[in-house]
Amino acid sequence: MAADGAARAGPRPLVFRVDDSTPGVVQSVLLERGWDKFDNREQDVEGWNLYWRTSSFRMTEHVNVKPWQQLNHHPGTTKLIRKDRLARQLKHMKRTYGSPLYEFIPPTFVMPSDYCQFVAEYFKEKQTLGTKPGYWICKPAELSRGRGIIIFSDIKDLIFDDTYIVQKYICNPLLVGRYKCDLRIYVCVTGFKPLTIYIYQEGLVRFATEKFDLGHLQNSYAHLTNSSINKSGASYEKVKEVVGRGCKWTLSRFFSYLRSWGVDDLLLWQKIRHVVILTVLAIAPSVPVAANCFELFGFDILIDDNLKPWLLEVNYSPALSLDCSADVSVKRKLIHDTIELIYLHGLRNERHGRGYADDGHPGGPLADADRGRHGDACSPLSCEPLFHPTGRTPNKDKPDVKKVVGTRPESQRASPRRDAVPGKDALPSTAEPPSKRKLKDRLAPRKASTPPCLPRLPSPAAWSPAAPRGPAAGGGEAPDAHAGGFVLIFPFNEATFRASRDGLNVKRIIQEFQKLTNKRCSQAAEKKTKIR
Ligand code: ADP
């Protein structure tokens with residue numbers, strides 16, 4: 001009888017739980033999707049499905065999580081967040097695997113413990129450079145938003161009183177209209193065992209608001225790209241050369257700008273994906289096992305004028321405030337798509353009746369309420385590789401994402417296509433080369449340029465069409481290829497799938513990376529010979 005009543009009343013909405021730190025956009029997106037906000041005075045203490053907060057959860061909270069619940073943090077991920085720990089993890093990977101693959105973090109010293117090593121390196125560089133200055137940046141290990149950062153050329157200007165990192169300052173950043181920028185790349189790890197990493201195809205580009213000038217190292221508005229700093233600068237509202245007003249672009253606008261100057265954005269995107277995978281791989285073996293949780297990271301990546309991406313830091317709980325139109329267009333969709341993704345990796349279990357529906361707990365029938373958002377069309381087995389690595393749809397005849405992923409209104413839909421740059425994001429007609437003439441000259445003749453020396457990772461559908469997927473497949477299923485604008489980047493082939501499924505075999509995965517890199521390099525060399 002009770003079940004009948006429930007059926008007549010229709011599916012109950014999913015319930016989200018928040019605290020004072022939960023970003024407003026998360027709450028508004030969930031309400032928009034028809035979720036209810038958890039109220040502990042009215043609801044059963046366990047009657048929620050998603051708890052989203054800024055700070056991490058205690059281990060007891062992870063242990064006690066119920067099958068119908070999801071937490072927005074994974075235990076053990078803070079190893080990537082503190083700048084000193086990140087540096088140490090990546091140094092360890094480099095030492096262990098002796099691989100140039102890990103040369104994407106600028107040389108870094110943790111203060112005070114590495115002080116002597118830094119001094120030795122500083123004077124060694126000084127000798128090499130002769131009269132030319134070298135540049136370093138000193139950052140507090142635990143602070144964020146550009147607080148406490150100093151850039152220096154002379155060691156006598158180095159001051160630190162706590163745990164800091166001193167890092168080689170990238171003094172040849174890719175400039176847009178003479179402004180420095182860095183990229184905020186969103187990454188969602190839906191599980192560490194097996195390791196499953198998705199990258200978001202849209203993101204943000206943050207600009208300094210004063211022109212880059214190595215003659216004025218103390219000018220934060222020229223050297224730091226944090227929007228928390230630049231939005232209070234005098235030039236924030238000014239229409240700046242190429243960049244325009246404000247201090248942010250969407251990533252798609254940035255890539256389309258690069259493309260307009262002949263830059264191989266696919267190759268750049270591929271390098272960025274590698275940085276992400278190799279970084280997560282550094283902590284994956286030591287992360288504790290935890291179910292029903294995920295981690296949305298913000299990777300800060302600076303591109304230099306050789307188009308090499310450098311990892312600056314990894315943020316957990318990346319800022320989700322909506323300060324400008326780029327924020328609004330990226331972050332709302334990002335949250336919608338994160339919800340789509342966790343459907344695929346947890347919440348949808350209820351929908352497919354894994355036994356929670358009949359226990360009388362709110363967890364059971366709840367998930368149905370948001371079903372329309374995800375849609376049934378993207379059956380895990382039928383998912384086609386919809387996305388090209390930079391969001392270009394490879395074949396016009398392939399179904400567009402909107403036909404496949406659900407019924408969300410057009411205005412809320414994620415999965416922006418990089419080649420479909422929205423009108424408001426169109427490049428200014430005064431667009432200039434991304435950086436110096438040198439870069440333009442080197443990159444302009446796209447056809448004649450050297451083919452990329454890095455592997456292009458196949459999409460999962462290419463390597464595991466027959467692999468069982470989805471809830472019915474049990475624990476060993478291959479992950480879904482995408483959800484909204486999220487695209488699976490790890491595992492990236494059958495071998496890495498196997499190497500991450502039964503315990504994480506990092507050595508095997510690194511070998512796979514190297515194999516692909518070597519293959520790509522020899523293909524590039526072959527192509528070069530043919531051109532000659
Ligand atoms: P925070 O956590 O305080 O934001 P970041 O490491 O992200 O610290 O650095 C803040 C800003 O400083 C970056 O957005 C970037 O513009 C600049 N920056 C940081 N490290 C470097 C570096 N090694 N080379 C060049 N610029 C850097």
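This report describes the ligand site, the cavities and selected backbone features of a predicted model.

## Basis of the model

The model is predicted, so local features require pLDDT of at least 70 and side-chain atom pairs count only at pLDDT 80 or more, while totals for chains, interfaces and linings use all residues. Residues are numbered from 1 along each chain as its sequence is written, and side-chain values use heavy atoms, with hydrogens and water left out.

## Ligand shell and contacts

Strands (E, at least two residues) and helices (H or I, at least four) are DSSP runs numbered from the N terminus.

A polar side-chain atom of E313 lies 2.7 Å from a ligand oxygen atom. A nitrogen atom of the ligand is 3.0 Å from an N or O atom in the side chain of Q167, and an oxygen atom of the ligand is 3.4 Å from a polar backbone atom of R145. The ligand taken alone exposes 540 Å², and the protein buries 99% of that area, as computed by the Shrake-Rupley method with a 1.4 Å probe.

## Cavities

Five cavities of 30 Å³ or more are present. A cavity is a set of points, on a 1 Å grid over the protein atoms alone, where a 1.4 Å probe fits but cannot get out; lining residues have an atom within 4 Å of a point. Grid points are joined across faces, edges and corners, and a volume is the space filled by probe spheres set on the points.

Two or more lining residues of the largest cavity come from each of β6, β8, β10, β14 (295–303) and β15, and β6 gives the largest share, three residues. By class, this lining has 10 nonpolar, six polar and 10 charged residues. The ligand sits in the largest cavity, the criterion being that more than half of its atoms lie within 2 Å of the grid points.

## Backbone features

Two cis peptide bonds are described here. One joins M111 and P112, with omega about 5°; P112 lies in the loop between β5 (108–111) and α5 (115–129). Another joins K193 and P194, with omega about -5°, and P194 is placed in the loop between β10 and β11 (195–200).

Positive phi values also occur in residues other than glycine. R145, in the loop between β6 and β7 (150–152), has phi near 55°; the backbone of R145 also provides the polar atom 3.4 Å from a ligand oxygen. V242 has phi near 65° and is found in the loop between α7 (227–230) and β13 (248–250).

Terms used. A polar contact is a pair of N or O atoms within 3.5 Å; within protein, one must be able to donate a hydrogen and the other to accept it, and residues adjacent in sequence count only if both atoms are side-chain atoms. On a 1 Å grid over the protein atoms alone, a cavity is a set of points where a 1.4 Å probe fits but cannot get out, and a pocket is an open set with protein on both sides within 12 Å along at least five of seven lines; lining residues have an atom within 4 Å of a point. Ala, Val, Leu, Ile, Met, Phe, Trp, Tyr, Cys and Pro count as nonpolar, Asp, Glu, Lys and Arg as charged, and the others, Gly among them, as polar.
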